[in-house]
Amino acid sequence: MGRLLRVDLTRGELWDEALNEEYARSYVGGSGLAARYLYDVLDAHTDPLGPDNPLLFLTGPLVGTSMTSAGRYSACARSPLTGIWGEANSGGFFGPELRYAGYDGVWFTGASDHPVLLSVVEGKAELHDASDLWGSDIYVTQDRVRDSLGEAKARVACIGLAGEHRVKLAGIANDHGRFAARTGMGAVMGSKNLKAIAVRGKGKVPLFAPDEFRIITNQVLALFKEDMPSKSLREFGTAGYVNVGHMFGDLPIRYFQLGEHAPADALSGVDMTEKFLRRNTACHKCIIACGRETRSPAYNDDKVDGPEYETIGALGSVLMIFDLEAVIHAGHLCNLYGMDTISLGVTIGLACELFERGLLTPADTGGLEIRYGDAEMVFRLIKLTARREGFGAVLAEGNAVLAERAGVPELSVTVNRLEVPMHDPRAYVGMAVTYALSPRGACHMEGNMYDLDMGQSNLEDVGLVMGNRHENSIEKGRMAARLQAWRNLYNSLTLCEFENPPVPLLVGAINAATGWNVTGDDLMNTGKRIVNIKRRLNFKLGMTRADDRLPELLLNPLENGGSAGIVPDMPTLLAGAYAEFGWNPETGRPPEDIPL
Amino acid sequence: MAIKFPSEEWLKEWENRLNTSETYAQAAADWEGDLVIVILPDENYTQTTYLYIGLQHGKASGACFLKSLDEKKAPFTSTAPFGTWRKVLEGRIDVIQAMFSNKIKLVGSMAAIQRQPKPTYELVKVAGTIETDWGS
């Protein structure tokens, strides 16, 4: 029986609560379990930045074990950015350490009247005044929290200035510069005056069949030592995909309007490795070590976390900035202040586009000329946004609000108000389904069709098979739906999607860890159940079938590059996905007769 | 008329087409990396075969059969069963996707391929224009 730490920040009260085993058996952990819990308590009137919006940090049954890549956690609440289901996931060591400290998750309610820090050390939880930490960047905060607790090895999750200012693009940082970045969970933390959570423990994660589990996890480990995708990620990080993505028309350029642009190759992850890499970094028990620690001498940055592929796209090619050092520096600023690089990059990208079209002028921006290719302006906008100063207060609301203010909502590149990541659905049409149906809005972590259609999976046993990336078909829609279910399962276990053990090994590991007796098909059905609970919750929060859509800009064919002329056929793709999930084609609702 | 794969004639045709392709010349202008292709036996092919092609700055040269990997050293060696090569050359599997999914095993600098994926892509695209007799 697992346990949750409940924290009422209004009253300053803490208590333990047994994990709801029935929920956990059906929704596993992580974001799936959080969705099941929050389904009971959220409604359309819940203010995302009010004390009634609960914030859950949850791990999963494999977190903290010897299973490679099982070092993640989910932070979930109603999103202030999108108004629907909010979910952010992060790797590192915070999730495992929380379990070693004695808890499977933490459930915050209420809001403190002053800044606080929660510590959980060896099963003992306490709230501390954190007024002196308010205003600190994420690195200073993490160091000072460890110092103040006298726990040098504590793992800390925290917010920066952006979260404090309730910037809707604010994320939660942990383990230096790892981020649960998306959907504004950092703003929810800020609204509760919760600056940081520190965890430390030496407890062990219980396993049902430890010997069997060890054998299986060793087999999994051996698989990922030498395979090509793992080697590539180890050597170049996710940024190693920049040039390949560019060739396929997958890398968004100039606010998703160019399919190819030769200078974009200068953002190469290979070049970054050769010129600016300090070292690789790895999450708990990960043998890939895709994390990057870089430097940017031109900007006097000696130690920077990242950038990953997503950051290079969002703060580089989207903004027509092709200087790697400038992109590294921009990423570093976002890290310091604690902001989602995808959402901020795509929001600044829209500002650039509005300027090009004359829909935004210096009169609207406090005198700022926001143009493509102007790195110094991007640095300035990042700083303004984090503090909600000047035009930064507009950017802090995200891309959709900026487009609406300019009177051109059709130029917003968001799905359900979450900014589209750096995989163009015209390059992999399955991503159109992933984005349109993602429970948290446009998100690549909800179904990485670019990996599946690149052949990077061992998942044929659950019907996930590589296909033609441009194929608009019912089957492609079904495939994307199955992958979405599988990734929702991953975000509930919670595992990293870069390591995909063959289904029998994953099934074996789960059964040996939990004592459950599941099959691959059971796991796929569990993934679908998790998608369904999030969808039901979203309908409860006001979403409708009409929200299952792609932004208009992404339905225009690109004129050049590896995906020129391709447009996702949304009716066909969505029909396939609806059929796979069993949703009503008219209303988009999951069947009412499926019990929660 | 279809040309048998693999054969000296097919290799020479490939070399000629590469040397007359402006697209390849442009894509591979900075490319330096001769290639050995290893064809492994499968149900439709009975032996292991080694093919060599020189690839420097958008030009191809010296395409030939090798007796073994020791006969000529090249910075890149790509190995796959006959059936996989057929799918790649017929465009049914993308060559970059095949490498990333371990369907083609690459020995050589991943950095070079990832920094410049287009030369590899065009190399295969040109091969795909040859009317090929696959022997079955």
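Mentor: Let's begin with burial in chain A: buried residues make up 64% of its 596 residues. A residue counts as buried if 20 or more other C-beta atoms lie within 10 Å of its own, as exposed if 12 or fewer do, and as partly exposed in between, with C-beta atoms placed from the backbone. Keep in mind that this is a predicted model: local features need pLDDT of at least 70 and side-chain atom pairs count only at pLDDT 80 or more, while totals for chains, interfaces and linings use all residues. As for labels, residues are numbered from 1 along each chain as its sequence is written, and chains are lettered from A and ligands numbered from 1 in the order in which they are written.

The C-alpha atoms of chain A fill a box of roughly 60 × 55 × 50 Å along the principal axes. Its radius of gyration is 22 Å, which agrees with the value near 25 Å that a compact globule of 596 residues would have. (That radius is taken over C-alpha atoms, and the globule rule is 2.2 Å times the number of residues to the power 0.38.) Among the contacts of chain A with a separation of 6 or more, 72% come from residues 24 or more positions apart; a contact means that two C-beta atoms, placed from the backbone, lie within 7 Å. Chain A has 23 helices and 17 strands, which are DSSP runs numbered from the N terminus: H or I over at least four residues for helices, E over at least two for strands.

The part I'd pick is an open sheet of 6 strands in chain A, with mixed pairing and the order β2-β1-β6-β3-β4-β5. Strands are said to pair if DSSP finds at least two bridges between them. At the edges stand β2 (13-18) and β5 of chain A; each has a single partner strand, so one side of each is left without a neighbour in the sheet. From one strand to the next, the twist averages 15°. Angles like this run from 0 to 180 degrees between N-to-C directions, and the axes are lines fitted to C-alpha atoms, for helices over the stretch in contact.

Go to β6(A) next. β1(A), residues 3-8, pairs with β6(A) in the parallel sense over 5 bridges. β3(A) pairs with β6(A) too, but in the antiparallel sense, over 4 bridges. Find A:F108 and you can see both pairings: A:V7 stands opposite A:F108, and A:F108 is also the bridge partner of A:L55. In general, strands of a sheet pair through backbone hydrogen bonds, either parallel or antiparallel.

Further along the sheet, β4(A) and β5(A) run antiparallel, joined by 6 bridges. One spot to look for is A:S74, which stands opposite A:N89 in β5(A). A helix belongs in this picture as well: α2(A) packs on the sheet, touching β3 (55-58), β4 and β5 of chain A, and its direction makes about 25° with that of β4(A).

Chain A is divided into domain 1 (3-200), domain 2 (237-415) and domain 3 (426-549 + 566-581), with bounds from an automatic or database domain assignment. The C-alpha centres of domain 1 and domain 3 of chain A lie 26 Å apart, and their contact takes 41 residues from domain 1 and 30 residues from domain 3. On the domain 1 side, the elements giving two or more residues are α1 (21-27), α2 (30-41), β4 (73-78) and β5 (85-90) of chain A. Of these, α2(A) gives the most, with 8 residues. That side divides into 16 nonpolar, 19 polar and 6 charged residues. Here Ala, Val, Leu, Ile, Met, Phe, Trp, Tyr, Cys and Pro count as nonpolar, Asp, Glu, Lys and Arg as charged, and the others, Gly among them, as polar.
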